[in-house]
Amino acid sequence: MMAYRAKRLPVHLGPAAWNTILGPQTYGSVLSGSYTADFVIVGGGFAGLSAARRLMQLAPDASIVVLEAGHIAEGAAGRNSGFMIDLPHDLTSDDYAGSGDDKAIIRLNRQAISFAREAVADYQIDRNYFDECGKVNGAASPRAKAHNDSYAAHLASLGETSEALDAQQMKELTGSAHYQSGLYTPGTVVLQPAGYIRGLAVGLRGDGVDIYEQSPVVEIAKDATAWVVKTRNGSVSTGKVILSVNGHLESFGVEKGRLMQLFLYASMTPDLDDEALAKLGGQSRWGITPSDPMGTTMRRIDTAQGGNRIVTRTCAILKPNTKPSPRDMARAARVMQRKFDSRFPQLAGLQMEHVWAGHLCLSMNGVSVMREIENGVYSACVQNGLGTARGTLTGMGAAELACGVTSDITNHFTSESRPSRLPPQPFRQIGGNAVLRWQEHRARSE
């Protein structure tokens, strides 16, 4: 292809609450006019900003432009649950165990965490936004405990440690009697994702990277000598383009009919007052992923991360047009309120301050799209619901490809097959959502 034209632009519902609770930020300028650069990165999330940092390391004298459709940390980077997981975390399995070379996946994930850790140190990002505290797989039923036991056995076979927690330990951690048991793994970093991304953007700007906001790319076209990346108000000519737009890749005409576009929904309490905190009990920070991948993720944060709050995340909905609906969000808000009330009856009825939708992109066979699409155009997309670690890795890998560097990251992703073709519409959406609703019902207590 000699041109890629966006058929639609990203759409978000609700605030990016992780960003909102941090207070005002300084916005970047809108691209206006015509420029040239050595590299143009489309998308300013985990993949895009990681690509920019890796390019700075490999080509320190290069000119780099990042074009973000909205504001930094207002898109998916400020709408995820903030777990940067080192271990296998296959969302299509029953217990997260992967189906490939899990030891290689662990090494790559830890490489992404190390890359992010170095950025935190170099750019003096608040350490509260990058908490290396691990996480817990919570279990509220014997079936869920069996999933944890299976996962723990799988981890042991890989030489990885984990710790089983009983109901009392789970209550001491969370303040909730909902969980019968849990499985603690120490290597996950729990992020304040918007805080981390904001800090990364500030650091990159200090290094000379030009980051433009509210500058959605509408076309990438080849002229006689370069790729011209066009926005509504400007353009940048460049030799190399990195698309770090996750599932929005499909709207540019790449991997059409092969990407599953989903939304997950989340809610966040107000900043809890002293009375509510006394009723709640438990520790001031924790992160719970469900032992069943279709269960509910819960997090508690503290004042250093944006207030004493609890975050609930659940309800996956397949939306091939990548556009969430108010009706879907209203349903998700009701479900999440019930989930919150059942876990914390001492705070039942507490109204959420923020409710939002976040976009995920998965492939049926669990692969990403991290490769050179055609001469000078690279993809760092399709994170399979693992946007913090996988986004970091694909961004790093795309930057390496663009600089002609071979690494474990490039070898891994470029050896993957293409995403599998999906069933045609309307069977894809009807069938996919029927399966998701069934899995959600089966995991309703988790």
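The structure is a predicted model, in which local features need pLDDT of at least 70 and side-chain atom pairs count only at pLDDT 80 or more, while totals for chains, interfaces and linings use all residues. Residues are numbered from 1 along each chain as its sequence is written, and side-chain values use heavy atoms, with hydrogens and water left out.

Phe340 is likewise buried, at a relative accessible area of 0%. The ring centres of Phe340 and Phe344 lie 5.4 Å apart and their planes meet at 45°, so this pair is classed as tilted; rings of Phe, Tyr and Trp (its six-membered ring) are taken to pair if their centres lie within 6.5 Å, with planes under 30 degrees apart counted as stacked, over 60 as edge-to-face and the rest as tilted. The count by this rule comes to six aromatic pairs, and one aromatic cluster is formed by Phe46, Phe130 and Tyr196.

With regard to the chain as a whole, the secondary structure comprises eleven helices and 20 strands, these being DSSP runs numbered from the N terminus (helices H or I, at least four residues; strands E, at least two). The radius of gyration of the protein chain is 21 Å, close to the 22 Å that the globule rule gives for 446 residues, so the chain is as compact as a globular protein of that length; the radius is taken over C-alpha atoms, and the rule is 2.2 Å times the number of residues to the power 0.38. The C-alpha trace spans about 65 × 45 × 45 Å along its principal axes, and 60% of the 446 residues count as buried. Of the contacts (heavy atoms within 4.5 Å) between residues at least 6 apart in sequence, 76% join residues at least 24 apart.

Among the strands, β4, β9 and β5 form an open sheet in the order β4-β9-β5, with antiparallel pairing, two strands being paired if DSSP finds at least two bridges between them. Strands β4 (83-84) and β5 (130-131) stand at the edges with a single partner strand each, so one side of each is left without a neighbour in the sheet. Two bridges connect β5 with β9 (residues 189-191) in the antiparallel sense, and Phe130, also a member of the aromatic cluster, stands opposite Leu191 in β9.

Strand β16 (residues 297-301) is mostly covered, with five of its five residues buried. Both of its faces are covered, Thr297, Arg299 and Ile301 being buried on one side and Met298 and Arg300 on the other. Strand β15 (residues 286-290) pairs with β16 in the antiparallel sense over three bridges, Gly287 having Arg299 as its bridge partner, and a hairpin of six residues joins β15 to β16. Strand β17 (residues 309-318) runs antiparallel to β16 and is joined to it by five bridges, with Ile310 as the bridge partner of Arg300.

A search of the whole structure for disulfides, defined as pairs of cysteine sulfur atoms within 2.5 Å, finds zero. Cys315 is in no disulfide, the nearest cysteine sulfur, that of Cys361, being 20 Å away, and Cys315 is buried at a relative accessible area of 2%. The sulfur of Cys361 lies 8.1 Å from the closest cysteine sulfur, in Cys381, which is too far for a bond, and Cys361 counts as buried at 0% relative accessibility.

How values were computed
Buried means under 20% relative accessible area, exposed over 50%, partly exposed in between (1.4 Å probe, protein chains only).
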